[in-house]
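Here's a quick briefing to read with the model open on your screen. Have a look at the fold first, then work through the notes by topic.

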Amino acid sequence: RMTYREGVLHGPTETYFKSGQLSARGSYKDGEWDGPYEAYWARGRLAEKGTWAAGERCGEWQMFGRSVSHPPCPA
């Protein structure tokens, strides 16, 4: 499920595995990831969680069981 505005990804997005299990959830702004994001393994466990800002990871992320720091998100 993806949302487009004038042919460009913009808004809430969800992708799913063939099994119907949620694969990723986030949102786009003007064609780039922007805002909270979560990705899951095929069996439903969380793989990644963090925030995007204009297509760049920012702030604290949980990535594959580890905490990873990226530059701060813009205010």
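This is a predicted model: local features need pLDDT of at least 70, side-chain atom pairs count only at pLDDT 80 or more; totals for chains, interfaces and linings use all residues.

The protein chain has 0 helices and 8 strands, and along the sequence the pattern reads β-β-β-β-β-β-β-β. Its C-alpha trace spans about 35 × 35 × 10 Å along the principal axes.

**Overall picture**

- Of the 75 residues in the protein chain, 32% count as buried.
- Take the contacts in the protein chain with a separation of 6 or more: residues 24 or more positions apart account for 3% of them.

- Strand β5 covers residues 35–40 and runs antiparallel to β6, with 6 bridges joining the two.
- Tyr40 has Leu46 in β6 as its bridge partner.
- β5 and β6 make a hairpin with 5 residues between them, and Gly44 in that turn has a positive phi of about 100°.
- β6 is also joined to β7, this time by 5 bridges, and again the two strands run antiparallel.
- Ala53 sits opposite Glu56 in β7.
- The hairpin of β6 and β7 has 2 residues between the strands, and Ala54 there takes a positive phi near 50°.

**The nonpolar core**

- The largest nonpolar core has 6 residues in all: Ala24, Tyr37, Ala39, Trp52, Trp61 and Met63.
- The elements giving two or more residues to this core are β5 and β7.
- As background, nonpolar side chains tend to be buried together in soluble globular proteins.

**Rings and a charge**

- How many aromatic pairs are there? The count comes to 7.
- Trp52 and Trp61 have ring centres 5.5 Å apart and planes at 85°; that angle is over 60 degrees, so the pair is edge-to-face.
- Trp52 and Trp61 are both buried.
- Ring pairs link a cluster made of Tyr28, Trp33, Tyr37, Trp52 and Trp61.
- Trp52 touches Trp33, Asp34, Gly35, Tyr37, Arg57, Cys58 and Trp61, leaving aside residues up to four places away in sequence.
- Arg57 has its charged end over the ring of Trp61, 4.8 Å from the ring's centre.

**Glu48**

- Glu48 belongs to strand β6, which covers residues 46–53.
- Is Glu48 buried or exposed? Its relative accessible area is 9%, which is under 20%, so Glu48 counts as buried.
- The side chains of Glu48 and Arg57 are joined by a polar contact of 3.0 Å.
- Not counting residues up to four places away in sequence, Glu48 touches Tyr37, Glu38, Ala39, Arg57, Trp61, Gln62, Met63 and Phe64.

**Met63**

- Met63 is in strand β7, residues 56–63.
- With 15% relative accessibility, Met63 falls under the 20% cut-off, so it counts as buried.
- Leaving out residues up to four places away in sequence, Met63 touches Ala47, Glu48, Arg57, Val68 and His70.
- Met63 and Leu46 are 17 residues apart along the chain, and their C-alpha atoms are separated by 8.8 Å.

Notes: Residues are numbered from 1 along each chain as its sequence is written. Side-chain values use heavy atoms; hydrogens and water are left out. Helices (H or I, at least four residues) and strands (E, at least two) are DSSP runs, numbered from the N terminus. Buried means under 20% relative accessible area, exposed over 50%, partly exposed in between (1.4 Å probe, protein chains only). A polar contact is a pair of N or O atoms within 3.5 Å; within protein, one must be able to donate a hydrogen and the other to accept it, and residues adjacent in sequence count only if both atoms are side-chain atoms. Contact means heavy atoms within 4.5 Å. Two strands pair if DSSP finds at least two bridges between them. A nonpolar core is a set of buried Ala, Val, Leu, Ile, Met, Phe, Trp, Tyr and Cys residues joined through side-chain atoms within 4.5 Å. Rings of Phe, Tyr and Trp (its six-membered ring) pair if their centres lie within 6.5 Å; planes under 30 degrees apart count as stacked, over 60 as edge-to-face and the rest as tilted. A charge sits over a ring if NZ of Lys or CZ of Arg is within 6 Å of the ring centre and within 35 degrees of the ring normal.
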